[in-house]
Amino acid sequence: MLKPEKQMTSVSIVHCDDYANVKEAIASSLELIGGLDNIVHPGDRVLLKVNLLSARPPEDAVTTHPSVVSVVIELVQDAGGIPIVGDGAGMVHPGATAEALEVSGIKRVAEELGVEVANFDVCGYQKVDIRNGKQLDTIYVAKPVLDADVIITLPKLKTHELTLFTGAIKNMFGTVPAKIRKKAHALGKNNVFSQAVVDIFSVCPPALAILDGVVGMEGSGPSRGNPVDVGVIMASENCVALDMIASRLIGFDPNDIVTTTDAASRGWGPATPEEIMLLGDPIDKVRVEFERPGQAPYAALPAFLIRYLSRFYSMKPRIDQDKCQECGACIENCPTAAIELPYPVKIDDAKCVQCYTCFELCPHNSIFIKKSLLTRIIK
Ligand code: SF4
Ligand code: SF4
């Protein structure tokens with residue numbers, strides 16, 4: 001079996017035409033790049049960062065397939081690690097992550113294997129300063145991400161209407177709360193939005209990426225496209241390298257993917273695909289030309305107009321003072337100290353990052369979400 005030279009970044013490609021065979025495929029993909037034992041050590045808390053974009057069943061190819069999650073859980077356990085499965089849903093509304101965990105089948109497989117599920121909506125976020133960020137300087141990141149000894153990202157092979165392609169780097173976008181995501185989206189254009197994605201990625205770059213490409217999504221990804229049987233599992237210790245090869249595999253030029261080129265320019269991975277050692281099956285065996293995504297509807301607007309309109313798109317938590325029992329749970333769990341005493345407590349919108357932790361954790365259902373008119377129209 002071909003082994004990678006130490007100094008060269010490697011990406012493994014393993015043909016897998018059915019989720020029934022994914023255990024063998026993932027095991028092979030990891031063996032090719034040197035094995036999981038080099039990455040996960042006994043006692044490590046290992047966050048499996050899934051793609052939990054929205055509440056869609058596995059056959060829609062929007063979320064990481066539960067079979068992939070299940071296999072990686074078992075492999076991490078075999079290596080002596082403590083797996084934790086986590087994400088925050090992208091289609092944000094309160095309760096979205098809990099719903100997506102159920103519908104995607106990811107919660108079921110995690111619970112069957114006795115593994116903790118980290119719903120980022122209720123785990124809390126922590127303030128982080130980004131060194132040398134291009135678009136973001138201070139963000140909030142889900143605590144399970146910061147607490148993990150090892151992060152394994154499990155992206156789905158999909159197109160994206162704004163970034164063209166979404167893989168290992170873009171998958172880390174789900175680690176920040178709604179207000180940070182909105183701020184990034186309000187940048188409006190692919191190049192600057194992608195730089196914001198890389199800023200977020202740079203906080204906690206995963207030690208390993210395993211890509212679910214057994215069934216991918218083409219066209220209007222990441223949620224409105226069409227499932228495609230690609231039949232591939234890929235793995236790499238370098239997210240930039242994995243994204244370069246995965247985007248090439250679906251017929252895109254890696255130089256067109258700004259999340260990849262920007263991360264590479266910052267030193268997070270190889271500058272070109274030619275610097276990557278490919279292991280396993282030949283890329284031509286699994287190459288599939290994906291239909292390219294159309295442009296996101298709002299992306300056609302000038303950036304200044306997107307920024308202006310984004311001010312009118314909001315979902316702000318509010319406290320129903322008639323129902324509030326003054327228990328203090330929201331104050332205790334708010335990551336930004338946006339809810340302040342004395343009672344009756346109020347929410348400081350300037351400090352609130354719209355993580356909805358207070359909404360999720362209020363034991364008396366006293367917190368509701370006030371949607372702006374534009375939000376109601378769009379929803
Ligand atoms: S958690 Fe709910 S009931 Fe408790 S203080 Fe906050 S709003 Fe009031
Ligand atoms: S007020 Fe609620 S939604 Fe806002 S940051 Fe605090 S916990 Fe999150």
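Leaving aside residues up to four places away in sequence, Ala-100 touches Leu-52, Ser-54, Ala-55, Thr-63 and Ala-89 in this predicted model. Ala-100 belongs to helix α3, which covers residues 96–103, and its C-alpha atom is separated by 8.9 Å from that of Gly-88, a residue twelve places apart from it along the chain.

How much of α8 is covered? Ten of its twelve residues are buried, which leaves the helix mostly covered, and among the buried ones are Asn-190, Phe-193, Gln-195, Asp-199 and Phe-201. The elements that cover these buried residues include the strand β6 (138–142) together with the helices α7 (178–185) and α10 (258–265).

The model also holds ligands, and the residues around two of them can be described in turn. Around ligand 1 there are 13 residues, of which Cys-324, Cys-327, Ala-329, Cys-330 and Cys-362 come nearest; by class, this shell consists of eight nonpolar, four polar and one charged residues. Ligand 2 has 14 residues around it, and those that come nearest are Cys-334, Cys-352, Cys-355, Thr-357 and Cys-358. The shell around ligand 2 divides into eleven nonpolar and three polar residues, with no charged residue in it.

Terms used: Residues are numbered from 1 along each chain as its sequence is written. Chains are lettered from A and ligands numbered from 1 in the order in which they are written. This is a predicted model: local features need pLDDT of at least 70, side-chain atom pairs count only at pLDDT 80 or more; totals for chains, interfaces and linings use all residues. A residue is near a molecule or strand if its C-beta atom, placed from the backbone, lies within 6 Å of it. Ala, Val, Leu, Ile, Met, Phe, Trp, Tyr, Cys and Pro count as nonpolar, Asp, Glu, Lys and Arg as charged, and the others, Gly among them, as polar. A residue is buried if 20 or more other C-beta atoms lie within 10 Å of its own, exposed if 12 or fewer, and partly exposed in between; C-beta atoms are placed from the backbone. Helices (H or I, at least four residues) and strands (E, at least two) are DSSP runs, numbered from the N terminus. Two residues are in contact if their C-beta atoms, placed from the backbone, lie within 7 Å.
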